[in-house]
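I set out to look up the aromatic contacts and then the open space in this structure. My entries follow in that order.

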Amino acid sequence: MSNEEIIWNAKPSAFLYWPRFIFYPLIGFSWVLLPENIKSFVFFDVVSFKQIASAMSILIVLPLIIAWIGLKCTRYKLTDERLIIYSGILARNREVIELYRVKDFNVQIPFYLRIFSRNNIIIHTSDKTAPVVKLGAIKRGYEVEDVIRGKVEKMRRIKGVREFD
C-alpha cells in the first residue's frame, strides 16, 4: 500500500439524502397545522402540545443527524491498484476492491442529482464480498468513471487478467 499512488479522494454529497432532509421535517411537523378540534380528539387531552412537539422534534431530528454523520464518515479513495471505501459511524468498515476485478460501470443521473451536477457511479465487480458498489452523489462522475476505467485496464494488463462471460 505504501507504494500505491492515490489518484482520487472524495466523499458523497449531502444531496444523496435530500429526500430525508426535506420530507422528514415537512411530514413530521405537518401535524402542527391540524385544527385544534382534531388535535384534541386525536390526543384525548392526555398529552400537552409541548410534550408532543418535543417528542416529534427528537423523532425527526435524530434520523437526520445520523444520516448526516453517516455521510461525513463515508469516504472513497482510488489508488492505482484499488478502490477503497470507508464507511460506518461507530463500527468502521473498509471495503477494498481490486481494480482488475472490475467488470462494468454504470453512471446513473437521477433528476435530483442532475440539478446539482452529481452522479451515482455503479461498479460491477467479480468480488465475492462486493459484487455491486455504488459511489453516491459524486461530482464530475463521468470524469471519475473514465479515470477508474483507465486504471482498471492498466491493472488488467499488469496482472494478465481477462474477463470471460
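I first looked up tryptophan 8 and tyrosine 76, and found both buried (under 20% relative accessible area with a 1.4 Å probe, protein chains only; exposed is over 50%, partly exposed in between). I note that the model is predicted, with local features needing pLDDT of at least 70 and side-chain atom pairs pLDDT 80 or more, while totals for chains, interfaces and linings use all residues. Residues are numbered from 1 along each chain as its sequence is written, and side-chain values use heavy atoms, without hydrogens and water.

I then looked up phenylalanine 15 and phenylalanine 116, which form a stacked aromatic pair at 3.9 Å centre to centre, with 5 degrees between the planes (ring centres of Phe, Tyr or Trp, the last by its six-membered ring, lie within 6.5 Å; stacked means planes under 30 degrees apart, edge-to-face over 60, tilted the rest). Phenylalanine 15 lies in the loop between β1 and α1, and phenylalanine 116 in the loop between α4 and β6, so the pair ties together parts 101 residues apart in sequence (helices are DSSP runs of H or I, at least four residues; strands are runs of E, at least two; both are numbered from the N terminus). I recorded phenylalanine 15 as partly exposed at 26% relative accessibility, and phenylalanine 116 likewise at 37%.

I also found a second stacked pair, tryptophan 8 with tyrosine 76, at 6.4 Å centre to centre and 10 degrees between the planes. Tryptophan 8 is in strand β1 and tyrosine 76 in strand β2, so this pair links parts 68 residues apart in sequence.
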